[in-house]
Amino acid sequence: MKERLVQLEVLRYNPDTDTEARFQRYEVTCAEEWVVLDALNKVKADIDPTLNYRWSCHMAVCGSCGMMINGEPKLSCHTFLRDYEGVIRVEPLVHFPVERDLVTAPDDFMEKLKRVKPYIIPKEKKPISEGEYKQTPAQLMKFRQYSMCINCMLCYAACPEYGLTPHFIGPAALTLAHRYNQDSRDGGRKERQEVVATHEGVWECTFVGACSESARRTSTPRAPCSR
Amino acid sequence: METISTDVAIIGAGGAGLRAAIALAETDPKLRIALISKVYPMRSHTCSAEGGAAGVIKPDDSFDLHFDDTAGGGDWLSDQDCVEYFIHEAPKELLQLEHWGCPWNREADGSVAVRPFGGMKKKRTWFAADKSGFHILHTLFQTSLQFPSITRYDEFFGLDLLIDEGRCQGVTAMEMRSGELRQFHAKAVIIAGGGGGRMFPFSTNGAIKTGDGMAMAYRAGAPLKDMEFVQYHPTGLPNTGSLLTEACRGEGGILVNKNGRRYLQDYGMGPETPVGKPQLKTMELGPRDRVSQAYWHELQKGNTVSTQWGECVLLDMRHLGEKYIDERLPLVRELCASYLQVDIVKDPVPIRPVVHYMMGGISTNTKAATPIPGLFAAGECACVSLNGANRLGSNSLVELLVFGRRAALSAIEHIQGLPAANTKALNARAVETQKRIDGLYARTNGTESMSGVRKEMMDTMEKNAGIYRTEEGLQEGVKIIHDLRQRYDKVILTDKSKVFNTDLFQMLELGSMLDCAEAVTVGALARKESRGAHQRLDYAERDDNKFLRHTMAYFKGLEPPRIDYLDVVITKSPPGVRDYSGDHK
């Protein structure tokens with residue numbers, strides 16, 4: 001397997017001991033086919049156990065390992081070393097408070113997801129014994145793409161509006177509201193509009209599309225806003 | 001230490017934990033529910049499940065057939081009263097998820113679609129493309145947000161159960177962002193912490209799958225059951241170990257060796273079926289244990305393909321065509337393209353078996369109750385004895401729903417009329433946890449590196465407790481794991497900070513994995529037969545006279561576990577021959 005020496009420049013910060021964040025340089029031998037997360041894991045195992053970041057699935061579905069890589073919000077498990085030359089700069093996701101090193105606090109994001117009532121508010125309730133709600137493949141396709149968001153928060157880091165106006169509910173939460181509004185089983189659009197169609201909701205979006213770019217592999221958060 | 005009083009504490013907020021929380025909140029809105037997890041719910045490993053969830057729904061299917069598939073698939077180590085309960089609850093739970101909005105694939109008439117899966121006689125696997133676990137997890141998480149009685153403690157690392165008067169009455173946990181300990185006083189505790197597949201080096205499991213919930217219950221005196229049964233999934237990406245769902249074969253993908261031969265026909269799963277026309281319960285739709293074992297034999301015969309990632313066989317899906325692949329297996333295509341740079345539309349993909357699932361776990365009965373009053377468990381961390389010696393693909397996503405709910409109902413029964421807790425006694429136990437953590441920080445005589453001990457554990461598990469096992473190999477494995485457990489007390493904690501200290505979390509996780517690994521190796525050494533996923537080269541046959549029973553491992557501190565046995569519940573299907581030769585022979 002082809003190997004190469006990778007240089008990482010990682011933003012470090014510990015609120016217990018540091019007054020401000022600083023970059024730390026690591027050099028680590030990596031397989032050419034590795035992702036940035038693999039390089040970080042090697043640093044943690046072999047060089048510096050005090051480096052902190054989140055990760056789990058290593059297949060771009062759990063949404064844990066979002067970080068800024070050369071200034072762009074990325075999942076580090078799906079960012080390939082082969083696409084980079086020179087020093088790779090790794091920083092915590094912007095627009096979120098830093099807990100430590102690459103670990104950010106998603107409290108605001110979690111609160112916003114909840115506010116759009118992201119669950120079925122049934123049009124007509126029926127017991128389980130009456131079986132499934134019929135839903136044709138066409139009806140499914142109306143919302144499925146909006147149900148693919150992995151909550152990785154990259155779109156919030158990419159969103160200039162969220163950076164400027166933190167009360168903006170943001171792309172993922174808007175997408176989720178739209179996902180339920182478009183579901184043939186749902187009758188909750190009116191309740192969700194109380195949050196979505198306000199100054200903190202969809203009207204704050206400036207349609208630059210940075211969210212879609214950051215999340216192009218999973219959901220398409222821009223679409224519901226631009227309707 | 002701050003005390004949080006609650007009615008039911010749940011440890012783990014993946015599929016099983018969320019389902020339990022919702023069942024508690026729906027059944028009694030006055031209950032206070034603490035949902036504790038070391039990760040945010042959406043990060044839980046349920047999200048990585050791809051293929052789907054089994055439940056009888058179509059007119060050509062029957063409960064009896066699902067029963068037979070599960071009992072036989074488990075090589076008759078399943079408790080049949082449990083299987084019976086499960087198969088009847090399964091469709092109800094899947095319909096409940098449908099009512100909560102899960103985007104199941106549909107037939108043209110709007111009814112739920114099902115796909116074929118390994119070891120199943122009928123098509124009964126409900127699916128949401130190849131992201132079924134992801135959609136189940138997010139549907140449950142989003143649904144849970146409407147219940148004000150569920151208080152989430154996201155990124156709280158569960159540490160020790162609080163046992164007093166023989167009853168489980170709470171748990172200690174560390175708030176990860178501050179490093180502060182909390183004690184949760186609860187009338188009942190449900191563990192839903194997942195499996196421990198990360199004790200192996202090559203695994204589909206996410207980094208969080210370190211058996212913490214299993215180890216917590218085990219240390220508190222609950223036995224671990226059938227831990228030697230570890231499932232290898234036949235088709236993992238050879239470099240990252242990521243799962244390529246069984247649906248690849250359910251939809252018609254074939255497995256070939258370096259000569260282009262569909263080798264499964266040589267291992268009791270033939271004769272060959274036409275390419276692209278998968279037939280149920282034979283060839284590529286054989287059960288996972290048999291298909292993974294066939295790879296091992298091909299390896300011995302020199303029939304595998306040498307790649308830069310080691311010895312592989314090939315999964316060929318080209319004949320499915322681009323349109324069908326994109327409709328049914330889009331994630332698989334993306335994973336292969338990104339991580340291997342192989343387009344499955346144009347080329348076969350090299351794969352090899354990969355550790356995927358632990359059939360064993362905290363011993364529970366059909367009510368999801370452990371032998372410790374007040375302690376319940378559900379999901380992969382539990383061994384309710386549904387899966388026996390080999391789990392069938394698409395039974396586990398349903399298991400976590402059925403038994404997550406069951407654990408909640410059992411917890412509600414348990415807490416009726418309980419005497420008041422002796423908070424002084426619980427506080428004293430919580431202080432012991434604090435001392436344990438303080439001891440890790442204060443350790444000055446450390447000589448062992450954490451990554452070093454972890455690597456030795458993983459390598460030992462792969463070498464000595466893999467797809468095929470021997471007396472000699474297992475004896476060595478038992479000895480090394482035992483030795484590593486002693487050395488664990490000398491592991492250095494490099495990072496002394498209180499704030500989100502992943503060095504500390506990894507050390508705690510390593511401790512959990514070592515405890516579980518010892519139960520796996522000791523159980524495997526004692527089981528001198530071959531059954532399902534536990535295959536012994538020196539005891540090649542199933543031995544129902546001696547081993548139609550569950551292995552029960554009891555924690556004995558730094559000594560190896562005490563092993564005892566429990567009879568298997570057989571109600572209507574006596575042990576027989578597992579036949580995967582299909583109807584077409």
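This is a predicted model: local features need pLDDT of at least 70, side-chain atom pairs count only at pLDDT 80 or more; totals for chains, interfaces and linings use all residues.
**Exercise 1. Describe the interface of domain 1 and domain 3 of chain B.**

Step 1. Between them, the two domains bury about 3600 Å², with 64% of it on carbon and sulfur atoms. Buried area is the accessible area (1.4 Å probe) that two parts lose on being put together, summed over both.

Step 2. On the side of domain 1 of chain B, the residues that lose the most area to domain 3 of chain B are B:M199, B:P201 and B:E228, together 19% of what that side buries.

Step 3. The count between these domains is 6 salt bridges. There are also 15 residue pairs in polar contact, both residues at pLDDT 80 or more. A polar contact is a pair of N or O atoms within 3.5 Å; within protein, one must be able to donate a hydrogen and the other to accept it, and residues adjacent in sequence count only if both atoms are side-chain atoms.

Step 4. The elements giving two or more residues to the side of domain 1 of chain B that touches domain 3 of chain B are β8 (156-164), β9 (167-175), β10 (180-185) and α5 (212-219) of chain B. Of these, β8(B) gives the most, with 6 residues. Helices (H or I, at least four residues) and strands (E, at least two) are DSSP runs, numbered from the N terminus.

**Exercise 2. Decide whether the radius of gyration of chain B agrees or disagrees with that of a compact globule.**

Step 1. The radius is taken over C-alpha atoms, and the globule rule is 2.2 Å times the number of residues to the power 0.38.

Step 2. For 585 residues a compact globule would have a radius of gyration near 25 Å; chain B has 23 Å, which agrees.

Step 3. Along the principal axes, the C-alpha atoms of chain B fill a box of roughly 70 × 55 × 50 Å.

**Exercise 3. Characterise the interface of chain A and chain B.**

Step 1. In contact (heavy atoms within 4.5 Å) are 65 residues of chain A and 68 residues of chain B.

Step 2. The area buried between the chains is about 5400 Å², of which carbon and sulfur atoms give 54%. In chain A, the residues losing the most area to chain B are A:M59, A:I128 and A:E132, together 13% of what that side buries.

Step 3. The rule finds 5 salt bridges across this interface. A:D107 forms a salt bridge with B:R177, with the closest N and O atoms 2.8 Å apart.

Conventions
Residues are numbered from 1 along each chain as its sequence is written. Chains are lettered from A and ligands numbered from 1 in the order in which they are written. Side-chain values use heavy atoms; hydrogens and water are left out. A salt bridge is a side-chain nitrogen of Lys or Arg within 4 Å of a carboxyl oxygen of Asp or Glu.
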